[in-house]
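Here is a brief report on a predicted model. It covers a helix, a core and a sheet.

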Amino acid sequence: MELLKDVRVLEVSLFSTDALGGHLADLGAEVIKVEPPGGGGFRGAAVSGGELQDSHWNRGKKSVAINLKTSEGQEAFRRLAAKSAVVVDGLRYGTAVRLGFGYDDIVAVNPRVVYCVLNGMGSYGPYTRLPTHGLSFDCFAGLSPPIIETDGTPRLSGAATGTTGVLAGPLYAAIGVLAALHAAGRDGKSQYVEVAQVDAAINWNFQHLTALANGQPGYGEGIRASLRYQYYETSDGNYVVFNALEDKFWRRFCESLDRMDLYEPGRQKPGEDAEAEARLREQLTAIFKSRTRRQWTDFFIATDIAGAPAFLGADLFEDDHTKARRLVYEQAQPDGTSQRFIGTCIKTKPDEDFAPRAAPHVGQHTEELLAALAGYEPAGIARLRAIGAI
């Protein structure tokens, strides 16, 4: 994809903040990841367990290994920043300023830069220095409420992955960066963008939180008991999700199956008649078990009834729609095998094949980019290496 092929992004990030540069790289930007020699976060030989995140969020990037704790390394970074349209500070609050590449430091060498801060709790407020993990953001925002055990102790739900804030934050930041690039081009001056991942988690939960703030019923309450907005098992042991929430879809469902006897019972309010609800659930369960997932999907399309196939495993990758949308791509591995990865959900016309470069090795492009962008001669690069700056 080449939508941002003329945009250079200089990124310093650890763990989930890699995703901001990842989104921009997927759109065609030249994203230069500055990282410590040896790597950090999801990257490098000293780190394990982050291979999937690394391969997904760092694909298509270039890597420059710089020791930013040295004055020479900080100078090299500022030289690269002077030639970049965007600088991403994806480190813990205060680190960039302490290491000499905060917003003011970068504006001094690049007056039209877009500078984006992406971190856990933001750069102002009483919790800026609070150490956090991704789960912290979701719990803060009410997205992972505790399960209370029989002994009265709270426990994390098994579904509490702590991924909402860490995934939503980079998305909001990418939107902010793109808007700031437009403003920088229009106004000819620097732009500052900041996203805290906890803020993103709160935004993601706006329906529930807004209802609470205004004394209204919580969003989604009672959905588990729903009959017309629910999972159903199919004859092949798979599932569909039935979405006949609107009356027109429910009526159409009953008419299409010649089961108008279900129509009025299905229109009753939840809890109005528990016995009738139980009978209807039993009947719907039997109806959906009479066809396969694919047959029900075809039925939903043919009758224009809201519903969809539901996937719980890797068979999603074999689905015709997933294939047609080219949401999975294969990438050759160094050992001669290939792995499947999830591609970008952003499409263009004509729809281009999405096949980004694999995530770079730590420091793979150090000498190349320091020479091409930062103006270092071979002797200067050798000196930086000798003193441990790269």
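Buried means under 20% relative accessible area. By that cut-off, the buried residues of helix H8 (residues 197-204) are Gln197, Val198, Ala200 and Ala201. Seen down the axis of H8, these residues fall within an arc of 155°, so they line one face of the helix. Their cover includes S5, helix H6 (134-140), helix H7 (164-187) and strand S8 (191-196).

Next, the nonpolar core. The largest one has 29 residues. Ile66, Phe77, Leu80, Phe101 and Leu370 have the most contacts inside it.

What does Leu80 touch, leaving aside its neighbours within four places in sequence? Leu80 is in contact with Leu10, Val34, Val64, Ile66, Leu369, Leu370, Leu373 and Ala374.

Now the sheet. It is open, has 3 strands in the order S9-S10-S11, and pairs them antiparallel. Strands S9 (229-233) and S11 (307-310) stand at the edges with a single partner strand each, so one side of each is left without a neighbour in the sheet. Neighbouring strands are turned by 25° against each other on average, direction ignored. Strand S10 (residues 239-243) pairs with S11 over 4 bridges. Val241 stands opposite Ala308 in S11. Helix H11 (residues 274-288) lies across S9 and S10 and runs at about 50° to S9.

Key:
Residues numbered from 1 in each chain as written. Predicted model: local features only at pLDDT ≥ 70, side-chain atom pairs only at ≥ 80, totals over all residues. Heavy atoms only, no water. Core = buried A, V, L, I, M, F, W, Y, C linked by side-chain atoms within 4.5 Å. Buried < 20%, exposed > 50% of the residue type's maximum accessible area, 1.4 Å probe, protein only. Contact = heavy atoms within 4.5 Å. Helix = DSSP H or I, 4+ residues; strand = E, 2+ residues; numbered from the N terminus. Arc of directions from axis to C-beta. Pairing = 2+ DSSP bridges. Axes fitted to C-alpha atoms, helices over the stretch in contact; angles between N-to-C directions.
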